[in-house]
Amino acid sequence: MKKNKKLIIKTWKMKKNRKVSYQNRIKFVSGSQDRINEGGLILSKYDGIIKASGLQNAKLGELVFVVRKTGSKISKIFGLTFNLTKTEAGIMFFGSTKNIRVGQRIYRTKKRLTMPVGVEVLGRIIDSVGTPLDGLKAIETKYTSLAEKKGPGIITRGSVNKPLHTGILVVDCLFPIGRGQRELIIGNKQTGKTSIALTSILSQNIDNDLYNRRKFLYCIYVAIGQRKSSVAKIYSIFKNTKALEYTTIVAATADDSANLQFLAPYSGCTVAEYFRDRGEDALIIFDDLSKQAVCYRQASLLLERVPTRGAYPGDVFYLHSKLLERSAKLSPQYFGGSLTALPVIETIGGDITAYIPTNVISITDGQIYVDEELFLSNIKPAVNIRLSVSRIGSKAQILPIKKLATTFKNQLISYDDMKRFEVFDGVSSAIKKIIHRGKRLLEQVKQGATEAINIEAQLYLISLGTIGFFDNFTILETKHFKDDICRLVRTNSSLIDIDIYKNLNLEAWNSKIIKAWKDNSFNI
Ligand SMILES: Nc1ncnc2c1ncn2[C@@H]1O[C@H](COP(=O)(O)OP(=O)(O)OP(=O)(O)O)[C@@H](O)[C@H]1O
Ligand SMILES: [Mg+2]
């Protein structure tokens with residue numbers, strides 16, 4: 001074999017000045033048909049995408065490599081086969097292709113891309129191929145797992161029965177998310193989509209840290225095509241709130257190649273699946289999938305795929321569905337773990353009927369629609385309660401909130417319908433009452449960018465709100481009362497009753513919280 005290799009190099013050197021076609025070169029470099037199948041020659045390179053001839057035996061999604069020699073150091077640059085035709089292979093390279101030359105040899109590895117998985121990756125920022133980006137020590141894990149896998153089959157799945165509390169009142173009360181659900185966050189640019197996703201991660205801190213009563217939920221945040229500074233900011237938020245202890249960030253920033261950005265969601269999903277398959281609960285955020293689709297488009301165009309069903313944009317449905325199918329709630333026979341996905345999609349001009357938004361809406365189990373108009377009128381988080389929906393989460397919602405949610409939603413919608421009449425004289429007292437209460441309920445819905453409210457405080461607030469407790473308060477007083485209740489529940493564990501999951505005695509709950517509030521002599 002070695003002898004053969006030397007001979008090949010020698011022959012190549014002797015003949016290198018002769019002008020020959022690439023196909024002929026392969027024959028003449030490789031010598032045997034076998035070597036043509038296992039290796040190839042680079043024909044062209046554009047922006048991270050390489051086309052190579054040979055590689056006849058290569059499989060789709062297989063790792064291939066090019067040898068790079070810098071001085072005395074020899075290293076390998078890896079890529080992934082992405083497009084296979086009869087005569088050539090299209091390959092996505094992970095890093096820079098600056099040092100790769102046309103005419104260079106390329107080799108099969110007969111392996112697929114794997115990611116390091118396990119608790120060792122918690123607290124770290126990694127890229128789409130598992131390399132740490134935080135400048136800390138190398139990641140050494142016991143296990144690795146394939147980056148691209150099929151979602152669990154129907155037999156292995158169980159039904160969603162446990163809630164995932166995001167800490168956002170309007171979401172947990174009106175559009176609840178169950179563990180194993182896929183809920184889309186959709187909206188225009190700069191409308192607070194990322195903030196909703198981040199709050200969901202931060203709120204797990206409340207559950208895990210403060211009372212340590214519920215099962216741990218691991219979080220994976222996949223940042224696609226964002227600025228490095230935004231990712232660094234998110235990292236520092238997680239670090240300062242200790243959320244990093246149970247979170248991994250998979251980052252493919254705008255500076256990275258389109259290929260890495262395309263791969264990031266799959267790699268992140270693999271990290272999250274480790275927890276799901278061990279019977280634990282995990283949450284994954286894809287921020288955002290529209291940018292991933294754009295990267296896929298770039299790769300498709302460079303590979304000269306004709307835009308049809310089998311390429312961009314038709315293929316994007318497959319791209320996103322195979323990703324989101326991987327989040328699931330498994331049945332008890334398969335350890336009962338869950339992976340909840342919160343994909344983010346950016347709309348242009350609020351158009352949720354565009355191709356990619358409708359795709360992802362149809363794949364997911366509901367959507368949280370963030371409205372630019374609400375955001376600009378300072379109602380934040382700007383969740384549009386008419387266009388948002390959660391299809392399965394209410395099955396897992398805690399009973400008292402489920403009971404109150406419809407009244408709460410109806411009162412908010414009535415307010416939304418009636419608020420335009422406020423400017424007119426002679427409005428009936430019934431309408432005035434709806435507007436008066438609606439304004440106070442809206443105050444309960446408002447939350448800071450990364451401020452999470454725990455579920456007990458949410459229950460107290462909507463319970464008091466719907467019975468009209470705040471009707472005698474001014475709007476500012478309502479806001480202060482809300483802050484007091486959140487603080488009280490956070491610091492006083494006696495206000496947390498495990499019965500919250502079954503107890504429907506709302507009157508007892510209301511008097512308990514009002515008493516606690518008066519005892520603490522909060523001043524409004
Ligand atoms: N509930 C909130 N209260 C106050 N400010 C908020 C709230 N939610 C978001 N913001 C602010 O609005 C800005 C945009 O938020 P965010 O980055 O979450 O939006 P986005 O939709 O993810 O934006 P992009 O489209 O750029 O990804 C940020 O400065 C954030 O601090
Ligand atoms: Mg964002």
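Before anything else, a word on terms: helices and strands here are DSSP runs, numbered from the N terminus, where a helix is H or I over at least four residues and a strand is E over at least two. What I am showing is a predicted model, in which local features need pLDDT of at least 70, side-chain atom pairs count only at pLDDT 80 or more, and totals for chains, interfaces and linings use all residues. Residues are numbered from 1 along each chain as its sequence is written, while chains are lettered from A and ligands numbered from 1 in the order in which they are written.

Let me begin with confidence. The predictor's confidence in each residue, pLDDT, runs from 0 to 100, and its mean over the chain is 85, with 88% of the residues at 70 or more. Over residues 10-35, however, the pLDDT is below 50, and this stretch has 21 contacts in the model beyond near neighbours in sequence, a contact being two residues whose C-beta atoms, placed from the backbone, lie within 7 Å. Residues 209-213 also stay under 50, with 4 contacts beyond four places in sequence.

Now the chain as a whole. It has 16 helices and 18 strands, and of its 524 residues 45% count as buried. By buried I mean that 20 or more other C-beta atoms lie within 10 Å of the residue's own, with 12 or fewer making it exposed and anything in between partly exposed, all C-beta atoms being placed from the backbone. Of the contacts between residues at least 6 apart in sequence, 72% join residues at least 24 apart.

Next, ligand 1. It is surrounded by 13 residues, of which G192, K193, T194, S195 and K380 are the closest, where being near requires a C-beta atom, placed from the backbone, within 6 Å of the molecule. Helix α5, residues 193-211, gives the most to this shell, with 3 residues. Because domain 2 (115-393) and domain 3 (401-519) both give residues to the shell, ligand 1 lies between them; the domain bounds come from an automatic or database domain assignment.

P381 itself sits in the loop between α11 (372-376) and β18.

A cis bond also joins D287 and D288, with omega about -5 degrees, and D288 lies in the loop between β15 (281-287) and α8. Helix α8, residues 289-302, is largely enclosed by the rest of the structure, because 11 of its 14 residues are buried, among them L289, C295, Y296 and L302. Just after α8, E304 takes a positive phi of about 60 degrees.

Two other residues deserve a mention for phi. D47, although not a glycine, has a positive phi of about 45 degrees; D47 is found in the loop between β1 (39-46) and β2 (49-54), and is partly exposed, with 14 other C-beta atoms within 10 Å. K110, in strand β6 (residues 105-112), has a positive phi near 60 degrees and is exposed, with 12 other C-beta atoms within 10 Å.

Finally, consider K395, in the loop between β18 (389-390) and α12 (399-418). With 16 C-beta neighbours inside 10 Å, K395 counts as partly exposed. Leaving aside residues up to four places away in sequence, K395 touches V160, N161 and G178. The C-alpha atoms of K395 and S159 are separated by 9.2 Å, although these residues are 236 apart along the chain.
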